[in-house]
Amino acid sequence: MKNLHLMIENMIYRLLTCLFTAISLLISFSIQSQTLTDFTLPTPWTEEVLSSELPLPEYPRPQMERSEWENLNGFWDYMGGKNQPDPRSAETAPTFSDNADKIRVPFVPESELSGLARSGETFMWYKRQISVPKSWGNKRVLLHFGAVDHFATIFINGKKVGTHTGGYTAFNFDITDYLTKNENTLVVGAHDANDGKVPCGKNGDKGDYTFSSGIWQTVWMEPVEREYISKLKLIPDLESNRLQVTASAIRKGLKVKVMTKEGAVNASGISDEPLYINIENPHLWTPDDPFLYDLNVQLLDDRGKVIDDVNSYFAMRSVKIEKVDGINRTLLNGKFEFQLGLLDQGYWPDGIFTAPTDEALLYDLELAKQTGFNVVRKHIKVEPQRWYHHCDKLGLLVWQDMPNLWYPDDVDSVAVRQNFRNELKDMIDQLISVPSIVMWVPFNENWGAFEVADITDWTKKYDPTRLVNGLSGYNYAPHYRLAPGDPGNGDFVDLHHYGKMEDKYFPMPDEHRAASFGEFGGKGLFVRGHMWPVPNNAYEIVINEDVLSDTYVYLLNEVEQRMLYRGLSAAIYTQTTDVEHEINGLVTYDRKVEKMDFQKVKWINTEIIKNGRKLGEKKKVSSIVREYPVE
């Protein structure tokens, strides 16, 4: 009888153990994994994210890199919805239940990779535990966010650290004084009204893609001394064969040393004041030879001790509009370079606003390079800083759009317009050192456009080293507002057209501006099994890959005729990939099917760029003199 009782007890124990294990595995599975069948349209990188403990592990800020840091991506506790506390007015962090939802950061709650796939949360709250590595000693700790859409408030151990407004720009806080030696509780509140009254681009109520909000770029920490380099500004000056370097610091007036890869001190100066490195016989950065110089910047204290050390890089290149045989053209390093590019929107079926992996982020850019384009127009979105790093290394020129708002004329228009101007400045400040960016595009097709001429002039004055396309596609307008027409200033006369290729639809250069065909193409192809489950469309649907490829060659021949004989300097084809209902990409939305004959695409693109260079070599170049004082 005793043995029978022991057997029964052992059986019960084993059953309870198995049950506990099964429950634990089920919970673990629900938090850490999802099967690919759960995904509407998985990409080649979806499974890699699901099997990884740390999404997007790469260093997030390549142009200002320190050796020590810690990535905070991964699963966080999450609460979201309209009934949650409003982060904008919260002075204390809310309480999370023990069985709170889990979200995979940095994927937005509306995405499937987040583990939630919700719809427009409005109020969002995130929580996780953090601890400072002992190796960081008594250094200050900076908490960084790549981007949070659109308003963020931060709490450490129940105390409010600060807030940030702007869904596309990075920010950080010194959280040292809020930390304990043991584990610490980090809570992030986010608010996104989705009302079109903030810079949002297609990620807004007038946008026709899946809306996204909250944390959507890497969260991370790094240790610094009490005084440290807070920002770098690197501006190439080809006319003087030098690089302008401005290293901002927490305290102005500290000594700064700047060195090249070889380790020789090239220049020294004072923090927050420009200093210059002479670059003898500069190795120019071009799409065919995207050479980057390595750079090391050190900050010294009053006794000459190095207290901060960051690695960076820069390129020597110039962009201008100058007359070539009497016609205004786009010049790169003093030579005409026809700018032939792809409209790139940066959406993903599994991550929506966030690429699943760094390899995926790179894929779209390598696709542009592989098919012979030399430009990517980043369409009304600001990408993570690694995206621009890849462009720098690959040799892709970047047109950087400002994410538009939609309602600049409502009763709160003064505040709405000022907020747009603030965030435009923040975007330029963040990306000012990126060598691949050659153009700012403040407005697109009159989407939320206002005071266009004034903002175009301001942008040119604020950054006189780049081109400004004030209103790309000024001939288009959304249905709810009229197109005011050509603003008359900036560096480009820019039209969009998605139809028959006649001369009247192409822009012509004028006395002060070059001509840009800011969007064209839009030819679509159905690919069964690789489309988003909505009504799919394009400006024109063709029957198969061969017809689409030949149609593209025809369109590019028409573009080339306008380059050769009507002064066209740039053209942007729509688009890199399919995006949800739009099936006019070079590849499908899941990046699994190539929709064109890429050999044909590369051949015609290469021929046109090559013939543009020949055109520039044959013609006389003369400068346009224009004064744009720097504010």
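Two exercises on this predicted model follow, each with a worked solution.

Residues are numbered from 1 along each chain as its sequence is written. Local features need pLDDT of at least 70, side-chain atom pairs count only at pLDDT 80 or more, totals for chains, interfaces and linings use all residues, and side-chain values use heavy atoms, without hydrogens and water.

**Exercise 1.** Work out which strands pair with strand 26 (residues 437-441).

*Solution.* 
Step 1. Helices (H or I, at least four residues) and strands (E, at least two) are DSSP runs, numbered from the N terminus. Two strands pair if DSSP finds at least two bridges between them.
Step 2. Strand 25 (residues 397-401) runs parallel to strand 26, with 4 bridges. Here Trp399 is partnered by Met439.
Step 3. The chain goes from strand 25 through helix 5 (residues 413-431) to strand 26 in a right-handed β-α-β crossover (clockwise from the first strand over the helix to the second, with the strands pointing away from the viewer).
Step 4. Strand 28 (residues 467-468) also pairs with strand 26 in the parallel sense, over 2 bridges. Met439 has Leu467 as its bridge partner there.

**Exercise 2.** Find how helix 7 (residues 545-565) and helix 8 (residues 598-618) cross.

*Solution.* 
Step 1. Take the axes, lines fitted to C-alpha atoms over the stretch in contact, with angles from 0 to 180 degrees between N-to-C directions. They come within 9 Å and cross at roughly 5°.
Step 2. Therefore helix 7 is roughly parallel to helix 8 (angles under 35 degrees).

Conventions. Parallel < 35°, antiparallel > 145°, perpendicular 65-115°, else oblique.
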